[in-house]
Amino acid sequence: MTHPLPQDLTYYHVSVPVFIKALTNLSSLLHKAVAFAAERQIDESELVNARLAPDMFSLARQVQSASDAAKSCAARLSGSEIPSFPDTETTLAQLQTRIGKTLDFLNSLPRESFAAAGERPIVMNMRGTERTFSGYDYLFRLAIPNLFFHVTTAYDILRNQGLAIGKSDYLGSFDQ
């Protein structure tokens, strides 16, 4: 089945469904992590706190950052309020809940709210410096790469901890 590019391709189409797919796949990886921890009889906190290098974020912070990247971008592009989630998750179940709340938010956004997203100025404070992006630059040069950096790093942490996951787990189902 082919899917021609919609005539009305919008910022919604190139952001929200991409974010939903990435977070859904991340959620699937966390489900596998729960099974792995139970099978190996290891405390889940070992996975939640695992990191690739001492100066890198833990798995928990990678998931939080992926959530933040998706919800912040979608909110900014749609002119919505960014939902605030405290970074207090310490278990795989809590990380799943955070992903679920992020997906609920993404699914609640009306497509029409993205109408002026490309031209909407996005003003951010980045390391003490105020930066202004067009919606286009923000989405394609910062938000999407940032989301995938954190999802990929979460995948890498779990793989490094011994989970038997591969590229198909990262990419997820193609049936949607």
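**Entry 1: Ala37**

Where is the place of Ala37? I looked it up in the model, which is a predicted one, and found Ala37 in helix α1, the run of residues 11–40. Next I asked myself: is Ala37 buried or exposed? Its relative accessibility comes out at 2%, so Ala37 counts as buried, since the cut-off for buried is under 20%.

Then I checked what Ala37 is in contact with. Leaving out neighbours within four places in sequence, I noted Ile42, Glu44 and Leu47. I also looked at Leu163, which sits 126 residues away from Ala37 along the chain. The C-alpha atoms of these two are separated by 9.2 Å.

**Entry 2: Leu30, also in α1**

I stayed in helix α1 and picked Leu30. Its relative accessible area is 0%, so I wrote it down as buried. Which residues does Leu30 touch, not counting those up to four places away in sequence? My list reads Leu59, Val63, Leu92, Leu95, Gln96, Ile99 and Leu158.

I followed up on Leu59. It is 29 residues from Leu30 along the chain, and the two C-alpha atoms are separated by 10.0 Å.

**Entry 3: the whole protein**

Time to step back. How many helices and strands does the protein have? I counted six helices and two strands. Starting at the N terminus, I read their order as α-α-α-α-β-β-α-α.

Then I turned to overall size. The C-alpha trace spans about 50 × 50 × 25 Å along its principal axes. For 176 residues, a compact globule would have a radius of gyration near 16 Å; this protein has 17 Å, which agrees.

I also wanted to know how much is hidden inside. Buried residues make up 42% of the 176. As for contacts with a separation of 6 or more, 68% of them are between residues 24 or more positions apart.

**Entry 4: the two strands**

How do β1 and β2 run? They run antiparallel, and five bridges join them. I have β1 down as residues 122–126 and β2 as residues 129–133. Together they form a hairpin, with two residues between them.

I looked for who faces whom. Met124 stands opposite Arg131 in β2, and Met126 has Thr129 as its bridge partner there.

**Entry 5: two positive phi angles**

A reminder to myself: most residues other than glycine have a negative phi. I found two residues here that go the other way. One is Arg127, with a phi near 55°, in the loop between β1 and β2. Is Arg127 buried or exposed? Its relative accessible area is 88%, so I put it down as exposed.

The other is Gln41, and its phi is near 55° too. I found Gln41 in the loop between α1 and α2, where α2 covers residues 44–48. With 73% relative accessibility, Gln41 counts as exposed.

**Entry 6: Met126**

Back to strand β1, where Met126 lies. This one is partly exposed, because its relative accessible area is 28% and that class runs between 20% and 50%. Not counting residues up to four places away in sequence, Met126 touches Arg131, Phe133 and Leu142.

I checked Leu139 as well, 13 residues from Met126 along the chain. Their C-alpha atoms are separated by 15 Å.

**Entry 7: the largest pocket**

Last stop for today. Rolling a probe the size of a water molecule over the atoms shows where empty space is left. How much space lies in the largest pocket? I got about 440 Å³. There are 14 residues lining this pocket, and the closest to its centre are Met124, Met126, Leu142, Asn146 and His150. I had already met Met126 in strand β1, and Leu142 was on its list of contacts.

Which elements each supply at least two residues of the lining? I wrote down α3 (59–78), β1 (122–126) and α5 (135–160). Finally I sorted the lining residues by kind: six are nonpolar, five are polar and three are charged.

Technical notes
Residues are numbered from 1 along each chain as its sequence is written. This is a predicted model: local features need pLDDT of at least 70, side-chain atom pairs count only at pLDDT 80 or more; totals for chains, interfaces and linings use all residues. Side-chain values use heavy atoms; hydrogens and water are left out. On a 1 Å grid over the protein atoms alone, a cavity is a set of points where a 1.4 Å probe fits but cannot get out, and a pocket is an open set with protein on both sides within 12 Å along at least five of seven lines; lining residues have an atom within 4 Å of a point. Grid points are joined across faces, edges and corners, and a volume is the space filled by probe spheres set on the points. Helices (H or I, at least four residues) and strands (E, at least two) are DSSP runs, numbered from the N terminus. Ala, Val, Leu, Ile, Met, Phe, Trp, Tyr, Cys and Pro count as nonpolar, Asp, Glu, Lys and Arg as charged, and the others, Gly among them, as polar. Two strands pair if DSSP finds at least two bridges between them. The radius of gyration is taken over C-alpha atoms; the globule rule is 2.2 Å times the number of residues to the power 0.38. Buried means under 20% relative accessible area, exposed over 50%, partly exposed in between (1.4 Å probe, protein chains only). Contact means heavy atoms within 4.5 Å.
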